[in-house]
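Reader: I'm new to this one. Could you walk me through it, one question at a time?

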Amino acid sequence: MFGKYREALRKRDTLTFTGRIVKVSENLAESIGPAVALGDICRIIIPSTGEGIRVEVIGLDRETVCLRAAGSLKGVRIGSVVEAENSL
């Protein structure tokens, strides 16, 4: 009876890996977390709008993740949430 629902839940990724911005410039940012690999794609959530800016993981150093946006990071601030779109 619930087989199709169980299968849909099994296929869905329910974990979201997150981090927080600790440094930001024009198109580069650093965060503590999330758990990602080089080349992964993340979103930085802009606090004032709730919208996300897609960024690529371009560096890793212990807990610090270096992120690069194709355009401006206007609206991103220290403490903004970073969500991994595809991760480990």
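Reader: Which residues of the largest nonpolar core touch the most other members?

Author: First, a caution: this is a predicted model, where local features need pLDDT of at least 70, side-chain atom pairs count only at pLDDT 80 or more, and totals for chains, interfaces and linings use all residues. Residues are numbered from 1 along each chain as its sequence is written, and side-chain values use heavy atoms, with hydrogens and water left out. A nonpolar core is a set of buried Ala, Val, Leu, Ile, Met, Phe, Trp, Tyr and Cys residues joined through side-chain atoms within 4.5 Å, where buried means under 20% relative accessible area with a 1.4 Å probe, protein chains only. Of the 16 residues in this core, the ones touching the most other members are Cys-42, Ile-44, Val-55, Leu-67 and Leu-73.

Reader: In what order do the 6 strands close into a barrel?

Author: Two strands pair if DSSP finds at least two bridges between them. β3 (residues 41-45) and β6, for example, pair in the antiparallel sense over 3 bridges, with Cys-42 opposite Ala-84 in β6. The barrel's pairing is antiparallel, and its order is β1-β2-β5-β4-β3-β6.

Reader: Why does Ser-31 count as buried?

Author: Ser-31 sits in strand β2 (residues 28-32). Leaving aside neighbours within four places in sequence, its contacts (heavy atoms within 4.5 Å) include Val-22, Val-65 and Leu-67. Ser-31 counts as buried because its relative accessibility is 0%.

Reader: What about Ser-80: how far is a polar atom of its side chain from the backbone oxygen of Arg-77?

Author: Ser-80 is in the loop between β5 (64-69) and β6 (81-84), and is buried, with a relative accessible area of 2%. Not counting residues up to four places away in sequence, Ser-80 touches Ile-44 and Pro-47, among others. The distance to the backbone oxygen of Arg-77 is 2.9 Å.

Reader: Which element has the lowest mean pLDDT?

Author: pLDDT is the predictor's confidence in each residue, from 0 to 100. The chain's mean is 89, and 84% of its residues reach 70 or more. β2 has the highest mean, 98, while the lowest, 65, belongs to helix α1 (residues 3-11).

Technical notes
Helix = DSSP H or I, 4+ residues; strand = E, 2+ residues; numbered from the N terminus. Buried < 20%, exposed > 50% of the residue type's maximum accessible area, 1.4 Å probe, protein only. Polar contact = N/O pair within 3.5 Å; in protein donor to acceptor, adjacent residues only side chain to side chain.
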